[in-house]
Amino acid sequence: MQPKVAQSTATPSCVSSPASSQTDDVASESQPTSSALLRCKNQLSTSGYYLADDDVINNVRWIKQGHCDFLAVNDSNNDTQREMAVLSAIVHISSNDYWLTSDGGYRKGSSITSRLCDVKPSCTVSEPSMPPVNDFANVIKNLRAIVMKCATPGYKQGKGFFFYDNSTTNPSRFKVRHKLFERLEHENAEKTVFESSNAPECYDFLPQNWYLTHEETREELYLLERTHKLRLLPAYDVNGHLIPPAAYQRSLENAVVELHFNLCHWPIASKAGAAAFDSYTADIVFIRVLVPPPPPINNDFQQKRKISFFVDPDAAVAPPRKKKK
């Protein structure tokens, strides 16, 4: 039996239509306050899958599906309905190892990802450092406990999921990703990449207007028309609007967000002398921005600065003052 994959319950809104009730309580606030963060934390705590709560460990279980394992809801009363668990946390999206862009920085012929259809934009998340959300240490503790429940005897823990900064013994970040393309089944072959069922009818979301790091990739995108469906990143701004692909980085990098994700495990056997290891992937289900990233540094002064041919050698050089309007 195939597991039931959890989907975001949010309703995409690219202009002004309301998002789900998850975003209603902060839709009118341009800068969420501490009370809004606390309200979000309290709502997540009632779900049973908030990673900062120790009860989450007992509410989930690993289930084998083919060659992989997926984290499922631990429902002892209904063992026939296997539903993927959706873990949640309030996190800061780090600028370190940030590749959560419209195409993950894909370049044709790259040794990392050789085909556009295999691209999985990703980022790492860390401690928000914003009271009253100071529970990231518990998030990491419980996530590690969940992961260790599915460790393969004799296998090493693979790199690329937990990240350790400054030689710390505990992880300071973990990685989440988004599967950008979904291969169409044979019976859906008449559908095209341009007919994504969850894509709002907005200019910025259409594949022909999709922002690409390298424009020469556009031809490869068109070639996927009959084989794949383009999947939008379910990421919403503070007003509940679906974030356009071209704005992913400026809207999400260094933001504090509400994050929901699924978790899977893949045991990778030894190959060509390399040791066997366990690989874990966290696939994004839903992102909502709680606190936007700080504004970029203004470099107008550097661009407009004039170079003088002479300065008074006896006078101190003071920084220019901004003229009052």
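Where in the protein is confidence lowest, and where is it highest? Before I answer: this is a predicted model, in which local features need pLDDT of at least 70, side-chain atom pairs count only at pLDDT 80 or more, and totals for chains, interfaces and linings use all residues. Residues are numbered from 1 along each chain as its sequence is written, and side-chain values use heavy atoms, with hydrogens and water left out.

Now the answer. Confidence is lowest in helix α1, residues 21–24, at a mean of 42, and highest in strand β3, residues 87–93, at 98. The score is pLDDT, the predictor's confidence in each residue, from 0 to 100. Helices here are DSSP runs of H or I with at least four residues, strands are runs of E with at least two, and both are numbered from the N terminus. Over residues 6–32 the pLDDT is below 50. That stretch still has 63 contacts in the model beyond near neighbours in sequence, where contact means heavy atoms within 4.5 Å. Averaged over the protein, the pLDDT is 82, and 78% of the residues score at least 70.

Next, the overall picture. The protein has six helices and 12 strands. It has 325 residues, of which 42% count as buried. Buried means under 20% relative accessible area, exposed means over 50%, and partly exposed is in between, with a 1.4 Å probe and protein chains only. Take the contacts between residues at least 6 apart in sequence: 72% of them join residues at least 24 apart.

The largest nonpolar core has 73 residues. By nonpolar core I mean a set of buried Ala, Val, Leu, Ile, Met, Phe, Trp, Tyr and Cys residues joined through side-chain atoms within 4.5 Å. F174, L252, L259 and L263 have the most contacts inside this core. Strand β12, residues 277–291, gives the most to it, with nine residues. There is also a second, separate core of five residues, including I63, F70, A72 and C264.

At 0% relative accessibility, F174 counts as buried. Leaving aside residues up to four places away in sequence, F174 touches a number of others, among them C123, F136, F161, L259 and F261.

Which rings pair up with which is the next topic. Rings of Phe, Tyr and Trp, the last by its six-membered ring, pair if their centres lie within 6.5 Å; planes under 30 degrees apart count as stacked, over 60 as edge-to-face and the rest as tilted. By this rule there are seven aromatic pairs. In one of them, the rings of F136 and F174 have centres 6.4 Å apart and planes at 5°, so the pair is stacked. F136 lies in helix α3, residues 136–148, and F174 in strand β7, residues 173–177, so the pair ties together parts that are 38 residues apart in sequence. F136 is buried too, with a relative accessible area of 4%. Both rings belong to one aromatic cluster, formed by W62, F136, F161, F162, F174, F261 and Y280.

Now the cysteines. How many disulfides does the structure hold? Zero, taking a disulfide as a pair of cysteine sulfur atoms within 2.5 Å. C264 is in no disulfide, and the nearest cysteine sulfur, that of C68, is 5.4 Å away. C264 counts as buried at 13% relative accessibility, and C123 counts as buried at 1%.

Last, some backbone details. The peptide bond from P131 to P132 is cis, with omega near 10°. P132 lies in the loop between β4, residues 122–126, and α3, and is partly exposed, with a relative accessible area of 23%. P132 and L37 are 95 residues apart in sequence, yet their C-alpha atoms are 7.1 Å apart in space. Not counting residues up to four places away, P132 touches S34, L37, L38 and K41.

S129 is also in the loop between β4 and α3. S129 has a positive phi of about 55° although it is not a glycine, and counts as exposed at 57% relative accessibility. N254, likewise not a glycine, has a positive phi of about 75°. N254 is found in the loop between α5, residues 248–252, and β11, residues 256–268, and counts as partly exposed at 30%.
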